[in-house]
Amino acid sequence: MGSKMSKNNNVVLSKLVTNEQHGENSPYFDGWKAYDNDPFHLMNNPNGVIQMGLAENQLPVYKIEEWIKRNPKASICTTEGIESFRRIANFQDYHGLPEFTSGIAKFMEKTRNGRVKFDPKRVVMAGGATGANENLIRCLADPGNAFLVPTPYYPGFNRDLRWRTGVELLPISCNSSNNFKITIEDVKEAYKKAQQTKIKVKGLILTNPSNPLGTVLDRETLINLLTFTYEHNIHLVCDEIYAGTVFDAPEFVSVAEIINDDKIRINKDLVHIVSSLSKDLGFPGFRVGIVYSFNDDVVNNARKMSSFGLVSAQTQHLLASMLSDDEFIGKFLIENPRRLEERHEKFTGGLEEIGIKCLKSNAGLYCWADLRPLLKEPTLDAELSLWKRIISNAKLNVSPGSSFNCPEAGWFRICFANIDDETVEIALSRIQMFVDANNKVNERGLIKNALVKKE
């Protein structure tokens with residue numbers, strides 16, 4: 001019977017699961033597959049693909065491990081913590097453990113240097129930033145509506161924001177001529193184009209600090225964007241999941257700080273924040289995402305929607321204990337940026353010695369590298385050809401700018417915080433060899449062309 005069923009070609013799945021909106025066919029995810037098929041390991045597979053396409057923060061994990069060893073009571077799966085097992089293992093509703101939401105609110109305050117307060121009652125949990133983003137978009141828009149998004153932007157947005165919601169993303173084109181900074185003129189132009197095509201724009205989505213640029217928005221830009229959304233009565237969604245990764249000036253300014261300025265015309269009901277512990281604490285596997293809205297209706301409805309993707313009570317219990325440890329979190333938020341800055345300088349400095357420049361950045365777990373000099377021509381096809389050669393020849397999974405909707409060919413995001421120091425050195429060595437080989441090929445091509453012209 002099982003065999004017959006497997007041969008049945010008449011099984012029809014839903015349009016939702018069979019459409020191409022998930023984005024899995026993007027080079028961004030193809031690079032992950034290349035790594036999965038041949039993963040680098042220092043001892044077991046030293047010639048494998050090094051994963052540099054995953055924005056994961058493993059640099060401070062040892063601090064977390066030390067804390068867990070010192071606090072066995074935080075886990076219900078230890079002798080010391082078993083007394084809380086029955087309470088935590090019982091059914092928990094979608095409001096979350098009070099000590100967890102309080103811990104999240106405090107952590108959000110600390111990653112913004114205490115310049116703004118967050119209300120635990122407005123904290124809505126979700127299954128990672130992916131779940132938080134989708135939950136929020138479902139609350140704000142209907143299928144066919146659209147959100148403006150400055151480019152380049154995180155490839156996963158195509159899945160998180162579009163796939164199951166039916167919402168469209170309209171790119172605001174930003175380019176290298178002004179270091180990919182978003183301007184109010186660019187926003188107005190994108191909004192005007194949407195109106196001309198009769199698309200209903202429901203909001204503007206910002207990632208601050210930026211993924212993939214590793215830059216932060218300045219106060220003046222945030223004020224201009226807030227004013228624009230107020231004047232057009234559209235939502236402003238700020239993805240601030242990298243707030244705790246800022247390691248250098250200028251400082252990170254949260255939209256939550258701006259809306260408290262009485263001099264600015266604003267409707268707080270239109271302002272929403274997405275947060276997470278995946279990047280700041282290095283907990284992507286814990287799937288902790290947060291919707292924080294200043295709109296009561298959004299909070300209430302997002303909380304109901306969160307029933308489909310809650311954070312496990314066991315995870316909440318552990319994190320509530322950790323986040324309430326003010327001394328530990330205080331030291332962590334000093335140590336984490338220090339280590340990120342150290343790794344950033346080491347890696348980008350190594351790239352510069354090779355002749356590769358990066359966009360100046362001060363946040364995130366990656367750099368935005370300019371590989372345009374390695375292109376045969378300034379086209380998307382040439383970029384994808386280069387990307388394939390980097391994976392197959394250099395055995396490095398880096399992410400091409402086209403997967404981030406970058407309007408210019410030749411920019412790549414390279415992650416540096418998910419590997420150890422020795423692997424960084426190996427990666428830099430591979431990049432050096434690849435660049436040298438690429439230059440030799442280009443030199444032979446120039447010589448050949450010159451000879452043809454003489455003939």
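# Reading helix contacts, cavities and pockets

Trainee: Which residues in H3 meet which residues in H15?

Mentor: On the H3 side they are Pro-27, Asp-30, Gly-31 and Ala-34, and these meet Leu-384, Trp-387 and Ile-391 in H15. Sorted by class, this contact of H3 with H15 has five nonpolar, one polar and one charged residues. Keep in mind that you are looking at a predicted model.

Trainee: How do I read the way these two helices pass one another? At what angle do the axes of H3 and H15 cross?

Mentor: Start with the angle, then the handedness. The axes of H3 (residues 27–37) and H15 cross at roughly 15° and come within 11 Å. Angles under 35 degrees count as roughly parallel, so H3 is roughly parallel to H15. The crossing of H3 past H15 is right-handed.

Trainee: Let me try another pair. How do H6 and H13 pack?

Mentor: Helix H6 covers residues 98–110 and helix H13 covers residues 313–323; their axes are 8 Å apart and the packing angle is about 45°. That angle makes H6 oblique to H13. Here the crossing is left-handed.

Trainee: And which residues make the contact between H6 and H13?

Mentor: From H6 you can pick out Glu-99, Phe-100, Gly-103, Ile-104, Phe-107 and Lys-110. Facing them in H13 are Gln-316, Leu-319, Ala-320 and Leu-323. By class, the residues of this H6–H13 contact divide into six nonpolar, two polar and two charged.

Trainee: H13 came up there. What is the crossing angle between H4 and H13?

Mentor: Helix H4 (residues 61–70) and H13 cross at roughly 100°, and their axes come within 12 Å. Since 65 to 115 degrees counts as roughly perpendicular, H4 is roughly perpendicular to H13. Ile-64, Trp-67 and Ile-68 of H4 make the contact with Leu-318, Ser-321 and Met-322 of H13. The classes in this contact of H4 with H13 are five nonpolar, one polar and no charged residues.

Trainee: Now for the spaces inside. How many cavities of 30 Å³ or more does a search of the whole structure find?

Mentor: The search finds two. When you read a cavity, look at its volume, then at its lining. The largest cavity has a volume of about 90 Å³. Its lining consists of Ile-356, Leu-371, Leu-374, Ile-390, Ala-394, Leu-396, Val-398, Ile-414, Ile-431, Phe-434 and Val-435. Helix H15 (380–394) and helix H16 (421–454) are the elements that give two or more residues to this lining, and H16 gives the largest share, three residues.

Trainee: What classes of residue line the largest cavity?

Mentor: The lining of the largest cavity has 11 nonpolar, no polar and no charged residues.

Trainee: And what lines the second largest cavity?

Mentor: The second largest cavity has a volume of about 50 Å³. You will find Ile-104, Phe-107, Met-108, Thr-111, Arg-112, Glu-240, Ala-243, Ser-275, Ser-276, Leu-277, Asp-280 and Ile-290 around this second largest cavity. H6 and strand E7 (271–276) each supply at least two of the lining residues, with the largest share, three residues, coming from H6. By class, the lining of the second largest cavity divides into six nonpolar, three polar and three charged. Notice that Ile-104 and Phe-107 are lining residues of this cavity and also belong to the contact of H6 with H13.

Trainee: How is a pocket read? Which residues lie nearest the centre of the largest pocket?

Mentor: In much the way you read a cavity: volume, lining, classes. The largest pocket has a volume of about 690 Å³. Of the 33 residues that line this pocket, Asn-179, Lys-181, Thr-215, Val-216 and Leu-217 lie nearest its centre. Strand E3 (146–150), strand E5 (201–207) and helix H14 (326–354) are the elements that give two or more residues to the lining. By class, the lining of the largest pocket has 17 nonpolar, 10 polar and six charged residues.

Trainee: Last topic, the backbone. Is the peptide bond from Asn-208 to Pro-209 cis or trans?

Mentor: Read omega: for Asn-208 to Pro-209 it is near 0°, and the bond is cis. Pro-209 sits in the loop between E5 and helix H10 (219–231). The bond from Ala-249 to Pro-250 is cis too, with omega near 0°, and Pro-250 is in the loop between strand E6 (235–239) and helix H11 (255–258).

Trainee: What is phi of Lys-198 near?

Mentor: Phi of Lys-198 is near 65°, which is a positive value in a residue other than glycine. Look for Lys-198 in the loop between helix H9 (184–196) and E5.

Key:
Residues are numbered from 1 along each chain as its sequence is written. This is a predicted model: local features need pLDDT of at least 70, side-chain atom pairs count only at pLDDT 80 or more; totals for chains, interfaces and linings use all residues. Side-chain values use heavy atoms; hydrogens and water are left out. Axes are lines fitted to C-alpha atoms, for helices over the stretch in contact, and angles run from 0 to 180 degrees between N-to-C directions. Helices (H or I, at least four residues) and strands (E, at least two) are DSSP runs, numbered from the N terminus. Angles under 35 degrees count as roughly parallel, over 145 as roughly antiparallel, 65 to 115 as roughly perpendicular and the rest as oblique. A crossing is left-handed if the near helix is turned anticlockwise from the far one by less than a right angle, and right-handed if clockwise. Contact means heavy atoms within 4.5 Å. Ala, Val, Leu, Ile, Met, Phe, Trp, Tyr, Cys and Pro count as nonpolar, Asp, Glu, Lys and Arg as charged, and the others, Gly among them, as polar. On a 1 Å grid over the protein atoms alone, a cavity is a set of points where a 1.4 Å probe fits but cannot get out, and a pocket is an open set with protein on both sides within 12 Å along at least five of seven lines; lining residues have an atom within 4 Å of a point. Grid points are joined across faces, edges and corners, and a volume is the space filled by probe spheres set on the points.
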